[in-house]
Amino acid sequence: MKALIGVGNEFRRDDGVGPALVAHVAESAPPGVTLSVVDGEPSQLLDAWDGVQLAVVVDAVLCDPSTPGRIHRTTLGDAYPAGTSASTHGLGIPDALGLAEALGRAPARLVVFAVEAADLGFGTGLSQPVAEALPDLTRLVLDELA
Amino acid sequence: MSHRSRQLKVSSLARVEGEGALHVVIEDGQVLQADLQIYEPPRFFEAFLRGRQHTEANDITSRICGICPVAYQASAWQAMEDACGVVVDDRIAELRRLLYCGEWISSHSLHIYLLHVPDFLGYPDAITLAKDHRAIVERGLSMKKAGNAILELVGGRAIHPVNPRVGGFYSAPTLADLAPLAAQLRHALDDALATVEWVATFDFPDLELDREFLALRDPARYAIERGELVTSGGLSFPVSEFSEHVVEHQVPHSTALHATLDGAPYLTGPLARYSLNSAQLSPLAREAASAAGLGPTCRNPFRSIVVRAVETAYAIDEALRLIDAYERPSPAWVPVPPRAAVGHGASEAPRGVLYHRYELDADGLIESAVIVPPTSQNQAAIEADVRDVVAGHLDLDDAALTALCEQTIRNYDPCISCSTHFLELTVERR
């Protein structure tokens, strides 16, 4: 089994790139891939990738300096940025992965595609540079899942 | 700084919701200062609610907290319905209580297992704990999931539910929708009872508080989503008189307001609720509490983890009862036409009493809003506890004393994000 997980909030503009990608490939995803959209809450991620051989996670990322729409690919084992917040409000993918590993529920392989965001303000719809990155992102994700 | 002077500093408290710090100053064995410094910026919710419709406060204030959004919604819809003179039917009221049970289960499970248990077992965080105690952490996550399942089904989603509205719900689940939830909750109830038994075996520092308690009381049942206010001193008053008794004031070291009850610091939350209302728990929850060594009251804040576990078992038991007795409200909501009036609402957020007051104009626009969250009400009591704990453990070295101070603060599951309106600890020994 493989899992494709879009992380984000579609009501915060480019933060919705993960959910948008999942919606975009819903028809064309290869068999044996479960699709899910999560808001980043760690226990949801634990369930979404539980027991899979490969989990592909798509998320938005803020960079400084930023090139909106640029796609970064990282894998489990790469140096992953540690969570900077000690608050339960700010647990992210690295914390979820840490917890999953401790619980023996990490996916065998984890690939994260992070898309640089331009706009994380209120509202639906992706900014132009992020929307324009969607075809490339789709191809990369489908190649990864093939 | 002389050798008799100590200063403890925690610059960013871990395992709390939001950002805060603690600064303790000790001189010649006397605790001179114990400041809980809340430096999260103010959030101005009360200001930007002005001019919004009476139907919007429910969704806007939900955003104050990702852990207890239902508490904000419940206090808001109650205040609006109070202002507009509308009483919802019992079926809507029962579905609201079911939703609120979901939040208690989810929030309490999170605090017990991921935030508080590491203190008792000597781990820095839940991830390290999970490496040694996989089954325990899985149990906590499974309980939290059961709470989230209620929130998702009844509320539309687990965080910031979208289905509740002033007057009721946009849509009400069918009995068939609730059936799978009941199966999940029966399993969670076993886990919760095992949790009560397990946390009761922890070592608890001796500390008995002689503090006034404030909680809601519902004549019919253990108060969660509504009630009148009662205190351990025997005072009882309606929610509309909240601000006559509870007065907020500013302190220089915090962006959250402090509060007093008739001029004195007080405590709200699980210890207050349990001590004032334990007789109203379900037989199953009372039995679990008794087996765990709790009497009818509990005044040791370190034992709050046991009380939370009992309340979690109760909330699951109660959710099962509500599902069993469920009658689908139809329609799922009643109209709440606005009028120029003032409305008050209060509910028992997982951390304690959450009060809202709104003043509406004839068109239902909010002219003024007051929100008093539990963490700000508890700040003065938390500081007093830290002071007592430090004074009682001056023999500890700075690292151990600091850890104990942090645990003391986590006894209250403070939600700093809600209150700013939390911990970096500094202890100064002079």
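User: At roughly what angle do the axes of helix 9 and helix 11 of chain B cross?
Analyst: In this predicted model, helix 9 (residues 270-277) of chain B and helix 11 (residues 304-324) of chain B have axes that come within 9 Å. Helix 9 of chain B passes helix 11 of chain B in a left-handed crossing, and the angle between their axes is roughly 65 degrees.

User: Which residues of helix 11 of chain B are met by helix 9 of chain B, and how many residues of the contact are nonpolar?
Analyst: From helix 9 of chain B, Pro270(B), Leu271(B) and Tyr274(B) take part, and they meet Ser304(B), Val307(B), Arg308(B) and Glu311(B) in helix 11 of chain B. By class, this contact has one polar and two charged residues, while the nonpolar ones number four.

User: Which strands stand at the edges of the open sheet in chain A?
Analyst: The sheet has five strands with mixed pairing, in the order 2-1-3-5-4. Two of its strands each have a single partner strand, so one side of each is left without a neighbour in the sheet; these are strand 2 (33-38) and strand 4 (71-75) of chain A.

User: Which residue is the bridge partner of Arg73(A) in strand 5 of chain A?
Analyst: Strand 4 of chain A and strand 5 (residues 109-116) of chain A run antiparallel and are joined by five bridges. In strand 5 of chain A, the residue paired with Arg73(A) by a bridge is Phe113(A).

Key: Residues are numbered from 1 along each chain as its sequence is written. Chains are lettered from A and ligands numbered from 1 in the order in which they are written. This is a predicted model: local features need pLDDT of at least 70, side-chain atom pairs count only at pLDDT 80 or more; totals for chains, interfaces and linings use all residues. Axes are lines fitted to C-alpha atoms, for helices over the stretch in contact, and angles run from 0 to 180 degrees between N-to-C directions. Helices (H or I, at least four residues) and strands (E, at least two) are DSSP runs, numbered from the N terminus. A crossing is left-handed if the near helix is turned anticlockwise from the far one by less than a right angle, and right-handed if clockwise. Two residues are in contact if their C-beta atoms, placed from the backbone, lie within 7 Å. Ala, Val, Leu, Ile, Met, Phe, Trp, Tyr, Cys and Pro count as nonpolar, Asp, Glu, Lys and Arg as charged, and the others, Gly among them, as polar. Two strands pair if DSSP finds at least two bridges between them.
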